[in-house]
Amino acid sequence: MELEMISSFSKEGLLIIFCIINMLNYVDRGAIASNGVNGSRVTCTESGICTGGSGIQGDFKLSYFEDGVLSSAFMVGLLVASPIFASLAKTLNPFRLIGVGLSVWTVATAGCGFSFNFWSIAIFRMLVGVGEASFISLAAPFIDDNAPAAQKTAWLSVFYMCIPTGIALGYVYGGLVGDHFSWRVAFWGEALLMVPFAILGFLIKPLKLRGFASSKTRKSAIRVQIDASEVKDNQVLEGADNLLKGSELNDDISKKHSISEGKPKVRNQFLRFWDDMKVLLCDVVYITNVLGYISYNFVIGAYSYWGPKAGYDIYHMANADLMFGAITIICGIFGTLAGGYILDRMQATISNAFKLLSGATFLGAIFCFTAFLSTKLYGFIVLFSIGELLIFATQGPVNYVCLHCVKPSMRPISMAMSTVSIHIFGDVPSSPLVGILQDHVNNWRETALILTSILFLAAGIWCIGIFVPSVDRSNEVEEDKEGSIAVGVSNRTPLLDGSQARV
């Protein structure tokens with residue numbers, strides 16, 4: 001069956017779509033961390049009088065550790081699906097893959113609203129990670145290809161601005177919906193909002209990314225090989241006194257065509273993935289960047305999950321969700337955009353990116369650490385806001401390094417493995433580990449100070465990157481491993497042309 005595919009989106013329009021999908025993904029992260037959805041545990045006084053808990057934590061009687069596990073469970077789906085989607089994007093329509101991933105995300109998010117105990121909601125949270133995996137390896141290369149040369153980091157910053165903005169909106173959304181309706185309704189609302197984008201993934205036309213041959217080019221190359229094989233077969237058949245009739249010949253050619261397209265490619269995909277991984281693991285610039293990003297994300301992940309709860313306990317904020325949401329959304333937007341703008345003004349290079357990463361993170365760590373030492377609410381708000389403004393300035397530069405320290409064809413796998421690494425070693429363990437620390441010390445101020453000190457480690461690692469020799473490889477011309485098609489900088493075909501694609 002043939003379907004007419006949507007081809008009317010401009011480059012800016014597709015950027016907006018990527019941003020909305022990314023934002024919805026992080027709205028979910030913020031919502032599950034909000035007091036309205038996450039809730040509180042059942043508490044008992046020394047006299048034995050107990051008050052009922054609220055939200056997920058109260059309904060399922062979760063410990064802080066179990067509560068922290070829920071914030072990290074999405075990593076299972078992300079870890080498994082990211083390498084798969086990054087590899088398949090080289091040969092399949094990336095938007096079709098996004099449609100599949102977002103469909104799983106929608107079902108899983110709705111399933112969270114129907115969960116009945118810790119394990120049921122934990123399984124659904126694992127499946128949520130598949131949605132992020134389906135587009136994270138495509139969005140950044142697309143933006144890098146189509147942004148004006150002098151604004152590449154600024155465009156990346158617009159996309160990554162959706163992370164703090166989404167988390168902040170999630171705090172507010174979860175707090176309002178959870179308090180006025182139910183934490184289950186919050187998940188159902190998220191699922192409904194994502195449905196149009198899941199459908200759009202099956203309708204939008206394929207993208208042509210720099211570093212890969214287009215699907216039409218690959219099919220043409222395959223057709224040439226098949227035609228050559230057919231000519232050779234015809235000559236052999238003629239020499240054998242036409243022992244095969246025309247219909248038999250057509251059947252034979254059809255069978256060859258079917259076999260050539262239907263051979264299992266799992267082993268080749270795995271070998272290609274393993275070759276790419278070896279290149280990444282030997283790239284000192286990439287490893288330095290990701291190690292700093294892991295340390296940074298360890299702190300940011302714990303801030304996003306435990307921030308409202310810590311603020312409520314330390315400063316007795318009556319509206320901790322709204323307060324942390326407002327700080328995060330304002331500082332996230334201005335900090336992220338400022339980081340991209342400053343790097344572009346400095347001249348976007350890998351060395352300059354490391355300078356901005358280390359400097360902004362170091363200063364941000366000082367302000368955040370001082371904020372948690374403050375005993376006054378207003379002092380905390382001012383200092384923490386400045387700290388977050390500086391910390392979020394890293395989003396554009398850190399992803400610029402991931403995209404520009406590798407060849408064009410490796411950008412999807414570079415982004416995918418960076419995302420997997422910062423989650424599996426960063427915010428995934430940070431939430432339960434901070435929960436364990438808080439269970440032990442039972443003092444949110446001390447816990448927050450210990451956590452914030454890790455930002456100094458991130459600044460130090462990125463500072464090392466300044467002195468590591470680096471080369472911008474994003475414009476290298478390379479050849480497809482399966483043919484002689486040049487797919488480097490010279491292959492700058494428009495992403496959106498007037499032709500129609502078919503499925």
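Predicted model: local features only at pLDDT ≥ 70, side-chain atom pairs only at ≥ 80, totals over all residues.
Trainee: Okay, what does the secondary structure of the chain come to?

Mentor: You get 21 helices and 2 strands. Phe116, for instance, sits in the loop between α6 (94–114) and α7 (118–146).

Trainee: Is Phe116 buried or exposed?

Mentor: Go by relative accessible area with a 1.4 Å probe, protein chains only: under 20% is buried, over 50% exposed, and in between partly exposed. Phe116 comes out at 63%, so it is exposed. From Phe116 to Ile56 it is 60 residues in sequence, and 9.9 Å in space, C-alpha to C-alpha.

Trainee: And Gly113, buried or exposed?

Mentor: Gly113 belongs to helix α6, and its relative accessibility is 1%, so it counts as buried. Leaving out residues up to four places away in sequence, Gly113 touches Arg184, Phe187 and Trp188; a contact means heavy atoms within 4.5 Å. Along the chain, Gly113 and Phe124 are 11 residues apart, and their C-alpha atoms are separated by 9.5 Å.

Trainee: How much of the chain counts as buried?

Mentor: Of its 503 residues, 53%. As for contacts between residues at least 6 apart in sequence, 82% join residues at least 24 apart.

Trainee: Which residues have the most contacts inside the largest nonpolar core?

Mentor: A nonpolar core is a set of buried Ala, Val, Leu, Ile, Met, Phe, Trp, Tyr and Cys residues joined through side-chain atoms within 4.5 Å. The largest one here has 112 residues, and Ile56, Tyr296, Phe380 and Phe384 have the most contacts inside it. Helix α14 (residues 284–315) supplies the largest share of that core, 16 residues. Another core, of 11 residues, lies apart from it, with Leu78, Phe85, Ala89 and Val420 among its members.

Trainee: How do I read a pair of packed helices?

Mentor: Two packed helices are described by the angle and the distance between their axes. Axes are lines fitted to C-alpha atoms, for helices over the stretch in contact, and angles run from 0 to 180 degrees between N-to-C directions. Under 35 degrees is roughly parallel, over 145 roughly antiparallel, 65 to 115 roughly perpendicular, and the rest oblique. Take α8 (residues 152–160) and α9 (residues 162–180): their axes come within 5 Å and cross at roughly 20°, so the two are roughly parallel. Val158, Phe159 and Tyr160 of α8 meet Cys162, Ile163 and Pro164 of α9.

Trainee: How do α5 and α19 cross?

Mentor: The axes of α5 (residues 74–88) and α19 (residues 411–441) come within 9 Å and cross at roughly 165°, which means that α5 is roughly antiparallel to α19. Contacting residues include Leu78 and Ser82 of α5, and Thr419 and Val420 of α19.

Trainee: Is Thr419 buried or exposed?

Mentor: Thr419, a residue of helix α19, is buried at 7% relative accessibility. Not counting residues up to four places away in sequence, Thr419 touches Leu78, Glu132 and Ile136.

Notes
Residues numbered from 1 in each chain as written. Heavy atoms only, no water. Helix = DSSP H or I, 4+ residues; strand = E, 2+ residues; numbered from the N terminus.
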